[in-house]
Amino acid sequence: VLQRILNGADAYLYVTDPYDDKILFMNDKMAAHFGVENPIGQICWKVMRTGLENVCDLCPKRKLIQKPDDIEVWEEKSEVTGRYYRNTDCLIKWEGDRLAHLQYRVDITQARQAEEALQTRLKQQELMTAISRSFISTADMPTLINNALDMTGKFMGAGKIVMAQVNEAEQVLDF
């Protein structure tokens, strides 16, 4: 019954032995998402990560072993899937009354991407405001335009931005 409930959850979750990192349970959704076949008994950090020789640095199980009643919530970007997750980790009682490490993971990629897009728009608006303010000046127009181009170049990470006009009669750019 518990296995059916956990497999029906709309989240990725797995349970490991906190002392040897062997997977005790992984719900079907997580196994399919990470492409893991027969996860039981495999080492979690070998299945869930790439190129590791030892337990993950991010894994909160060490903290949880020190404070078994705590819950750790943290975010990460998986190098395996390229997606962002909010993880909730805790220790639970498992078969035979032994402690087990449970991780409940929710995909937050869309929210993270929306947040990044909003931050980009806010930075663009700040740039436009700064450029607009810079034109409230007694400086000459070429100086004002060069200052605006410099600000835009810094924003875009470009070394230099220039403005040119096509001279069609001579087939050249006039700067």
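Trainee: Why does Leu 52 count as partly exposed?

Mentor: Set the value against the cut-offs. Buried means under 20% relative accessible area, exposed means over 50%, and partly exposed lies in between (1.4 Å probe, protein chains only). Leu 52 has 35% relative accessibility, so the label is partly exposed.

Trainee: What kind of model is this?

Mentor: This is a predicted model, where local features need pLDDT of at least 70, side-chain atom pairs count only at pLDDT 80 or more, and totals for chains, interfaces and linings use all residues. Residues are numbered from 1 along each chain as its sequence is written, and side-chain values use heavy atoms, with hydrogens and water left out.

Trainee: Where is Leu 52 placed?

Mentor: Leu 52 sits in the loop between helix H3 (44-48) and helix H4 (61-66). Helices (H or I, at least four residues) and strands (E, at least two) are DSSP runs, numbered from the N terminus. The protein chain has six helices and seven strands. From the N terminus, their order is α-β-β-α-α-α-β-β-β-α-α-β-β.

Trainee: How far is Leu 52 from Ala 111?

Mentor: Their C-alpha atoms are 28 Å apart, and 59 residues separate the two along the chain.

Trainee: Why is Gln 103 called buried?

Mentor: Its relative accessibility is 2%, so Gln 103 counts as buried. Gln 103 belongs to strand E5 (residues 98-107).

Trainee: Which residues does Gln 103 touch?

Mentor: Contact means heavy atoms within 4.5 Å. Leaving out residues up to four places away in sequence, Gln 103 touches Tyr 12, Leu 13, Tyr 14, Trp 74, Asn 87, Thr 88 and Asp 89.

Trainee: What makes the link between the side chains of Gln 103 and Asp 89 a polar contact?

Mentor: A polar contact is a pair of N or O atoms within 3.5 Å; within protein, one must be able to donate a hydrogen and the other to accept it, and residues adjacent in sequence count only if both atoms are side-chain atoms. The side chains of Gln 103 and Asp 89 make such a contact at 3.1 Å. Another, of 2.8 Å, joins the side chains of Gln 103 and Arg 105.

Trainee: Is Asp 97 buried or exposed?

Mentor: Asp 97 has 59% relative accessibility, so the label is exposed. Asp 97 lies in the loop between strand E4 (84-94) and E5. Its phi is near 60°, a positive value in a residue other than glycine.

Trainee: What is the phi of Gln 171?

Mentor: Gln 171 has a positive phi of about 55°, although it is not a glycine. The loop between strand E6 (165-167) and strand E7 (172-174) holds Gln 171. With a relative accessible area of 68%, Gln 171 is exposed.

Trainee: Why is Asn 167 called buried?

Mentor: Its relative accessible area is 16%, so Asn 167 is buried. Asn 167 is in strand E6. Not counting residues up to four places away in sequence, Asn 167 touches Val 172 and Asp 174.

Trainee: How does the protein chain compare with a compact globule?

Mentor: The radius of gyration is taken over C-alpha atoms, and the globule rule is 2.2 Å times the number of residues to the power 0.38. For 175 residues, a compact globule would come near 16 Å, but the protein chain has 27 Å. Its C-alpha atoms fill a box of roughly 85 × 35 × 30 Å along the principal axes. Buried residues make up 34% of the 175.
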